[in-house]
Amino acid sequence: MARPMATVLITGATGGIGTDIASRLVAEGKNVYVTGRSQQKLNNLIDQLNPMKTRDDQIIGQFQFDIGWLTDIKREMPQICKVPFDTVIFNAGIMFPKTPRSANEDDLPWMEDTLKTNIVGHFLMARHLLAEQKQSIRFVCLSSVTAKFPLRWMRWKTSPSEFHHFFARSNYFTDGWTSYIDSKLAAIVMAQWLNKQDNKSAVAVHPGVATTAIVLSIPENQRKILSPLSRFQKNDGTNVCANNVINAALSPDDFTNTWICHDTVAIPRLSEVQKNSFMDFLHELTKDFM
Ligand SMILES: NC(=O)c1ccc[n+]([C@@H]2O[C@H](COP(=O)([O-])OP(=O)(O)OC[C@H]3O[C@@H](n4cnc5c(N)ncnc54)[C@H](OP(=O)(O)O)[C@@H]3O)[C@@H](O)[C@H]2O)c1
């Protein structure tokens, strides 16, 4: 039997796969809450979704905040936690952000932006939701097949304190790949951790491939180098990716190692010590934003 899905939160729904997830769910009559960092883009999205409603009492809600700012998340979560979600889709993501953020002393300015946005912000949201919402929730964490690229896992740390350095800004404009891959590996580790929480289940999903803003943020010379890979990996498009994510949300199954869904139990090669150290690091890092 598929899981119930009545009220869904989707982060970063103002573009790409997130917009298609929101559109399909609204057209199916679900209550859909979207988040985004740009109020203008959120307004455009709401205008696009409203005509798709199938019933008068159907709710389309929005929360405007930047997942890369932990102080914003702390401010916004009391409102978000008033809504009883049964499904939460951690979709927002970046890879090669255009410019470094300006330092805000209250907001961990030492941290690299891709890791902060893709994983730390989502973890902080999850912590607030776990603290406030006792009902059953299915979490879907957008990962990527890039998390399986060789050897990155070897650099993961075995003590929480070592992750501090790992998450720091280093060579900002070349960080894109390593930070992205680490953030997507981290999404699988977070899904596994969420799966162990009372009354919660989680899955990490590789949605498929679509040429969205995140892909176009990869510098052009690197995209050219990668282009021969397109012979082996077809472009699925955002619609197919959105359907894969929704199927993962609805499925009653624990996923095994399939192409689409990452196994949340047996993460290839990462040791229990590495995974636990990472989760301890995230807890310590976010404790002041609860
Ligand atoms: N496309 C692929 O082939 C592919 C493959 C594997 C995994 N994924 C994963 O799929 C997810 C969706 O990606 P996509 O391809 O749809 O990319 P996208 O078109 O760039 O969409 C990313 C979304 O995240 C939002 N976002 C980024 N930073 C944010 C922040 N700080 N605060 C709030 N929202 C923020 C963006 O908002 P703005 O509109 O304001 O930028 C946008 O709505 C990502 O997690 C990505 O890693 C994608």
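Predicted model: local features only at pLDDT ≥ 70, side-chain atom pairs only at ≥ 80, totals over all residues.
Biologist: OK. How many helices and strands are in the chain?

Modeller: Ten helices and seven strands.

Biologist: And what share of the residues counts as buried?

Modeller: 40% of the 290 residues in the chain count as buried. On the contact side, take pairs at least 6 apart in sequence: 82% of those contacts join residues at least 24 apart.

Biologist: Let's go to the ligand. Which residues come nearest?

Modeller: There are 28 residues around the ligand, and the nearest are Gly-12, Gly-16, Gly-93, Thr-212 and Ala-213. As for elements, helix 1 (16-27) and helix 7 (213-216) are the ones that give two or more residues to that shell.

Biologist: How many of the shell residues are nonpolar, polar or charged?

Modeller: Eleven are nonpolar, 14 are polar and three are charged.

Biologist: Switching to strands. Where does Ile-10 lie, and what does Ile-10 touch?

Modeller: Ile-10 is in strand 1, which covers residues 7-10. Leaving out residues up to four places away in sequence, Ile-10 touches Gly-18, Ile-21, Ala-22, Val-32, Val-34, Ile-89 and Asn-91.

Biologist: Why does Ile-10 count as buried?

Modeller: Because Ile-10 has 26 C-beta neighbours inside 10 Å, and the cut-off for buried is 20 or more.

Biologist: How far is Ile-10 from Ala-92?

Modeller: Their C-alpha atoms are 8.2 Å apart in space, while in sequence Ile-10 and Ala-92 are 82 residues apart.

Biologist: Now strand 5. Is it mostly covered or open?

Modeller: Mostly covered: strand 5 runs over residues 137-142, and six of its six residues are buried.

Biologist: Which side chains point which way from strand 5?

Modeller: Ile-137, Phe-139 and Cys-141 point one way, and Arg-138, Val-140 and Leu-142 point the other way. Both sets are buried, Arg-138 included.

Biologist: Which strands does strand 5 pair with, and are they parallel or antiparallel?

Modeller: Strand 4 (residues 87-90) pairs with strand 5 in the parallel sense over four bridges. Strand 6 (residues 200-205) also runs parallel to strand 5, joined by six bridges.

Biologist: Which residues are bridge partners there?

Modeller: Phe-90 has Cys-141 of strand 5 as its bridge partner. Towards strand 6, Val-140 is partnered with Val-203, and Arg-138 with Ser-201.

Biologist: Why is strand 6 called largely enclosed?

Modeller: Because five of the six residues of strand 6 are buried.

Biologist: Helix packing next. At what angle do helix 6 and helix 10 pack?

Modeller: About 85 degrees, with the axes 10 Å apart; helix 6 covers residues 176-195 and helix 10 covers residues 272-286. That angle makes helix 6 roughly perpendicular to helix 10, because 65 to 115 degrees counts as roughly perpendicular.

Biologist: Which residues make the contact?

Modeller: Helix 6 brings Ala-186, Val-189, Gln-192 and Trp-193, and helix 10 brings Lys-275, Phe-278 and Met-279. By class, this contact has five nonpolar residues, one polar and one charged.

Biologist: Last one, Glu-132. Which helix is it in, and why is it partly exposed?

Modeller: Glu-132 is in helix 4, residues 113-132. It is partly exposed because 13 other C-beta atoms lie within 10 Å.

Technical notes. Residues numbered from 1 in each chain as written. Near = placed C-beta within 6 Å. Nonpolar A, V, L, I, M, F, W, Y, C, P; charged D, E, K, R; others polar. Axes fitted to C-alpha atoms, helices over the stretch in contact; angles between N-to-C directions. Parallel < 35°, antiparallel > 145°, perpendicular 65-115°, else oblique. Contact = placed C-beta atoms within 7 Å. Buried ≥ 20, exposed ≤ 12 C-beta atoms within 10 Å, placed from the backbone. Pairing = 2+ DSSP bridges.
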